Amino acid sequence: MANSVYVVYCNDNKEDQEYVKNFKNVLERENLMLDFSFGDTDDIEAVEKKIEDCTAVLLLTSAAFRKNGLVNQTVKLAHDLNKMFMAMGYHSGGFFNKQSWLKNDMDVNTVVYGFKNDEQLGEVLAQLRSVLGVAVAMGDRVGGLLIFNLDSPCCLYANEKLMFTAENPGTYKYRLKAGNYNLVVKSIKIKDVDVLSGHIDVKTNEVYNYEKSVTEAEIDYLSRMKKSTDNCIYNCNNSIKQINDEIKNCDYQIDLLTQRLKENPPYLPSAEASIGTKVLYALIFGGIGLMFAGFGAIVGLILGPYMAQRSAEKNREQRLAKLVGDYNSRMTYYRNQRSNYISKRNELTKEFANVNKNLDSMKQQLYNINHLLDTY
């Protein structure tokens, strides 16, 4: 025979009737079936049969309960048969958890939980689920019941702690202790990506239905990723075109500077003083020679052309030195510029390789996204 819980209670006054009604509402919400036939019969034999067949006895205690004769006889019989007792009162617990009269008058040594205390009521419900062998939700023993209707495989987290993994779509039940939680749904199909999140304030014995579609969230995420990836591919292609243009310009500048570096060093032929200059120098030095003697004039006429030639050669050397200096400065500038363009080209080549690699990665990512979208 299936496990059953026989409820012993008093139905003599309005307060007890309200107590029983409210408790039945709670049980209905929790999908727990208990035997409340005690309140509908005065047949001792029927009560005895129920006590004998039940797995546990739940006592709904009250002042009237303590004084009711049938209640006392029923409790005594259950005690004699060594039945398991659970007890609950229409109060908030606390001091009433130790009702001495239950032990003294009925010889029942058990805690009396308070119906009006969410945690204590939750404890009673947890005991009832255990006795009845009802499928218990994952998670905590006492708390709020979360019902997840999941349409795609995923993992659920509460405050960054894994609650459970749903390998297949379906309905999953999980009980969380009272408190504030940040719920996160991680998709399994999209490699643990957070696709849903939200906040929930859990209260004991409350029921929460999570109806958000994981599939819709996944499609929305993939659509946003596709748009972002398309944009990255567009930017990569533009970057590749720009880098190619810059590389071509570097190649052009390197070739141009290479040609300029082939320029020959400056050269000036040997200087030759003009006849007029020679005559002028001869007259000058000859005139100076006349001041001393006739022989000095002859020497001056001979020395004048020589000095004119020497002056011309000195001017040539000065001009050549300036030309060589300008040439060396120019060649140094060309070499530095060429080196800079070579370095820039090397950097652009590396950048091109990285952008191209990123482009291939984006294309693969886009392929994977489209493949995933095709599965929905």
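Both faces of strand S1 are covered in this predicted model. Val5, Val7 and Tyr9 lie on one side of the strand, and Tyr6 and Val8 lie on the other. Every one of these residues is buried. Strand S1 spans residues 5–9, and 5 of its 5 residues are buried, so the strand is largely enclosed by the rest of the structure. A residue counts as buried here when its relative accessible area is under 20%.

Strand S1 belongs to an open sheet of 4 strands. The order is S1-S2-S3-S4, and the pairing is parallel. S1 and S4 (112–114) stand at the edges of this sheet. Each has a single partner strand, so one side of each is left without a neighbour in the sheet. From one strand to the next, the twist averages 25°.

The pairings within this sheet can be followed strand by strand. S1 and S2 (residues 56–61) run parallel and are joined by 5 bridges. Valine 7, one of the buried residues of S1, has leucine 58 of S2 as its bridge partner. Strand S3 (residues 84–89) and S4 also run parallel, with 3 bridges between them. There, methionine 88 has tyrosine 113 of S4 as its bridge partner.

Helix H1, residues 14–29, lies across S1, S2 and S3. Its direction makes an angle of about 135° with S2.

Two further helices pack against each other. Helix H2 (residues 44–53) meets helix H4 (residues 69–80) at an angle of about 35°. Their axes are 10 Å apart. The crossing of H2 past H4 is right-handed. On the H2 side, the contact is made by Ile44, Val47, Glu48 and Ile51. On the H4 side, Leu70, Gln73, Thr74, Leu77 and Ala78 take part. Sorted by class, this contact has 6 nonpolar, 2 polar and 1 charged residues.

Strand S6 covers residues 144–150, and strand S9 covers residues 170–176. S6 and S9 pair in the antiparallel sense over 7 bridges. Within this pairing, leucine 146 has tyrosine 174 of S9 as its bridge partner.

Helix H9 runs over residues 294–374 and includes glutamate 347. Is glutamate 347 buried or exposed? Its relative accessibility is 56%, so glutamate 347 counts as exposed; the cut-off for that class is over 50%. Glutamate 347 and isoleucine 247 are 100 residues apart in sequence. In space, their C-alpha atoms are 9.6 Å apart.

The chain as a whole can also be described. It has 9 helices and 12 strands. Of its 376 residues, 38% are buried. Among contacts between residues at least 6 apart in sequence, 71% join residues at least 24 apart. The accessible surface of the chain comes to about 22,300 Å². Carbon and sulfur atoms account for 52% of that surface.

How values were computed:
Residues are numbered from 1 along each chain as its sequence is written. This is a predicted model: local features need pLDDT of at least 70, side-chain atom pairs count only at pLDDT 80 or more; totals for chains, interfaces and linings use all residues. Side-chain values use heavy atoms; hydrogens and water are left out. Axes are lines fitted to C-alpha atoms, for helices over the stretch in contact, and angles run from 0 to 180 degrees between N-to-C directions. Helices (H or I, at least four residues) and strands (E, at least two) are DSSP runs, numbered from the N terminus. A crossing is left-handed if the near helix is turned anticlockwise from the far one by less than a right angle, and right-handed if clockwise. Contact means heavy atoms within 4.5 Å. Ala, Val, Leu, Ile, Met, Phe, Trp, Tyr, Cys and Pro count as nonpolar, Asp, Glu, Lys and Arg as charged, and the others, Gly among them, as polar. Two strands pair if DSSP finds at least two bridges between them. Buried means under 20% relative accessible area, exposed over 50%, partly exposed in between (1.4 Å probe, protein chains only). Accessible areas come from the Shrake-Rupley method with a 1.4 Å probe; for residues, only the protein chains shown count as cover.
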